[in-house]
Amino acid sequence: MTNAAKHLTNGGRELIAFRVGDQEFCVNIMSVREIRGWTPATPMPHAPAYVLGVINLRGAVLPIVDFSARLGMKAAEPTVRHVIIVAQVKSRVVGLLVDAVSDILTVSDRDIQPTPDIASDFERSFARGVLAIEGRMICLVELDSVFPSEEREAA
Amino acid sequence: MDMNEIKEIFFQECEEQLAELESGLLKLNDGDRDPETVNAVFRAVHSIKGGAGAFGLDDLVSFAHVFETTLDCVRSNRLEPNQDVLKVMLRSADVLADLTNAARDGGGVDEARSRQLIKELEALANGELPQAAAESAPKTTPAGVAPAAPVVNEEGFQPVAFSFDDFETGDEPTIEPSTYEIVFKPKSELYAKGNDATLLLRDLSRLGEMSIHCDMDTLPPLDRMNPEEAYFSWKISLKTDKGEEAIRSVFEFAEWDCELDVALAGGTVGMDEDLPMQPVPFDLSILEDEAQAPAGKEDRAAASEGDPRNAAVAAAQTASNVLQMAQSTARVSPENARNSQSASAAQAAAQQAASAATPTIRVDLDRVDRLINLVGELVINQAMLSQSVIENDTNGTSSINMGLEELQQLTREIQDSVMAIRAQPVKPVFQRMSRIVREIADMTGKSVRLITEGENTEVDKTVIDKLAEPLTHMIRNAVDHGLETPEKRVAAGKNPEGTVRLTAKHRSGRIVIELADDGAGINREKVRQKAIDNDLIAADANLSDEEVDNLIFHAGFSTADKISDISGRGVGMDVVKRSIQALGGRINISSKPGQGSIFTMSLPLTLAVLDGMVVTVANQTLVVPLTAIVETLQPEASAIHSFGSSQRLISIRDSFCPLVDVGRILNFRGAQANPVEGVALLVESEGGGQRALMVDAIQGQRQVVIKSLEANYTHVPGIAAATILGDGRVALILDVDAIVAASRGQSLKPEMSLAAAG
């Protein structure tokens, strides 16, 4: 049994925390496949502004979403210091462009507080809750709602 | 290997056998009377039955058994495989396929249909010819008693009456004990399949008194013995009251793996292993030059040729057959004419060997896919390597360049070979179509002849798999709507039997599949009216015939409920077009009123690679499929003409072609680029419309590996797929047809919606 699995059975889970601008977010480590540096993406026609384009991930075509722009914040100007979190979202593999990966956290469900009610519907749709750790506030992100999903396309 | 895996293999083999069965029946239908074809058909049903028995698939076994019995009548020349008989058989093959599928997937089958066919098959086996054939065939009675024609006596046969009631009850026939001489010579295959001669002999001994002699003459000296070879044969003398059928059934599952010769002692032959008749003395004076103890299968065949039921028609034929057989027997084994069975078996084996395919293996498609992906990576890596070598300018180090060149060649060769693994003939799909034609023809009461050509044309497996659906649609349409009813055809001075021709051929790196019917053609007036009613075109629109024909591909035409009566075409044709396009193909119609329609599909040979022209548009690298490009040209200012507010046309050899700025239509730039600074790619979309696509520059031609965009992203209008360039970056492959459609006014709308647009 891996460490991560052990934590889960103990009611704990591991999260990867990352920084975008002056805010911190985290995602479940189980959905993260790898973390890699920024490479220039091929822009897609008619794509929403937060889709930076696609890159080649060992032969697969990987779409890159600018996390900052996705949340309606300032669009990133990617540099070599930016990081792409390659995540598995349902059957797809997608890349999330963030400023930097900051931490690996082990938390239990008790540590997750509900999203404060000042949040708009938009923020609520991708935030699954917030964590208070050593005076920092880290927003737990629901990856499903960050990326365009197939079901919604059909609609 | 667990039971399920074994079962899966059985079903895979069933599929092959079913294909074999159908192609054999179709061959017979076309007048092929090669005994080996009949044998192949029989073998197919037989092995399905055998496997199904092992898995306890009772429905399948019982149907296959009846089918087999009837086929055996054909095999032993007791049943003439005429068109009517074959119709029943083809339908039985369909039911057998249904039963097999049901056994595999657990679905239900049309029981009434299979019961009906069982009846028809039994009727055939009992010598009742189908209604239509009855007139032309000699009059027969169910009991198989024919008027004793004089020829029969000349042949030395006595018509024999027997009661079918006995047969119907299925009781063991009560036959006077008689002594059979059996020669049993196993082939090595028998042992290879895990059968044991001892067990067979033991089974045989249960039938009656048996004496056995082992023939060891062929046993080589020990040092030359091959442990996997079969050297022994046995001569058995068996006194039994069970009849020849019982003896043969002992060897049922070893039938193809041994030489078996069953004969009544004393030069008499069992007439028939299926019908429990009294053995009838057979005057073999005709053969006496050749055979002292006629025992061969062919002799039996000759005997049954002379079966009273067929005697009248077959007499002349029989005489010549016997003569021929006698000759061939003499030719094949002059010194041992007695053993005509083994001679004919050897002949059959030789024939089989000649027609047998080269050895093959069955591979999981996933494994091949993985290999193809890896080769794709190799191609990309090779390109990357070449590029960096050029960039680093290794002047003088020719060994690197030579090595690279060799690598390039090897890569290309590996790629071709891997692609060839997946290449398969279109035959299975075409064969499936003959079934569709039969079904639709039955349903619509039309008489249709399907002619297929070029079934051995090879295409990538994935293309074949995806071809079945659109082809089925189109065949249905062709028979249902394209062809007229027999009455109308006669009235129009045509053959009442309609013809549908399905052909496949390779043409310039693509496969072209053509479906032609000799029906009434597209009723353009009605199509036009329908399009006007559906607001697809303006009432006064000026359309060419071609454009009208292409209207049937419009989605509006497929939803229409009564379209089949109106246009004669159109049910689901938009679906057909979409699936063809999804394969990177194009479809065209040409139709002549009163003479029929031809649908032409042009498809890529593989979905894995494509020959493309690499171009630059607004600093982006794009790939345009080479097949879409007619020519490239450098526009001159004088050739560019403005048209209206924003349209521009380019004159090419006195015709005007609309210019399409690719960068603009893909939203890569706001303003239209100056055409004079770019290059125009003249492309042809399906429907024949030409457009000049404006790109900034051409980088070159290259074979690219196609990567799916949909796997991780979504479908992008105007983009067919992606590929990876030599520098490791992703390039988009243009969907030329979509771009052309967009330039006609249909906008390339982004289909992706924001997940949480709130």
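Predicted model: local features only at pLDDT ≥ 70, side-chain atom pairs only at ≥ 80, totals over all residues.
Axes here are lines fitted to C-alpha atoms, for helices over the stretch in contact, and angles between them run from 0 to 180 degrees between N-to-C directions.

Select helix H1 (residues 3–29) and helix H4 (residues 83–105) of chain B, which pack with their axes 10 Å apart and at an angle of about 170°. Because angles over 145 degrees count as roughly antiparallel, H1(B) and H4(B) are described as roughly antiparallel to each other. Next, show the side chains where the two helices meet: H1(B) contributes residues including B:Phe11, B:Cys14, B:Leu18 and B:Leu25, while those from H4(B) include B:Leu86, B:Met89, B:Leu90 and B:Leu96. Sorted by class, the contact between H1(B) and H4(B) has 14 nonpolar residues, together with 3 polar and 3 charged ones.

Now move to chain A, which has 4 helices and 11 strands, and of whose 155 residues 51% count as buried. Select the open sheet of 5 strands, whose order is E3-E6-E7-E5-E4 and whose pairing is mixed. Colour strand E3 (32–37) and strand E4 (51–57) of chain A separately, since they stand at the edges with a single partner strand each, so that one side of each is left without a neighbour in the sheet. Looking across this sheet, you will find neighbouring strands turned by 30° against each other on average, direction ignored.

Finally, centre the view on E3(A) and its partner, strand E6 (residues 83–89) of chain A, which run antiparallel and are joined by 5 bridges. Within this pair, select A:Arg36, which stands opposite A:Ile84 in E6(A).

Conventions
Residues numbered from 1 in each chain as written. Chains lettered and ligands numbered in written order. Heavy atoms only, no water. Parallel < 35°, antiparallel > 145°, perpendicular 65-115°, else oblique. Contact = heavy atoms within 4.5 Å. Nonpolar A, V, L, I, M, F, W, Y, C, P; charged D, E, K, R; others polar. Pairing = 2+ DSSP bridges. Buried < 20%, exposed > 50% of the residue type's maximum accessible area, 1.4 Å probe, protein only.
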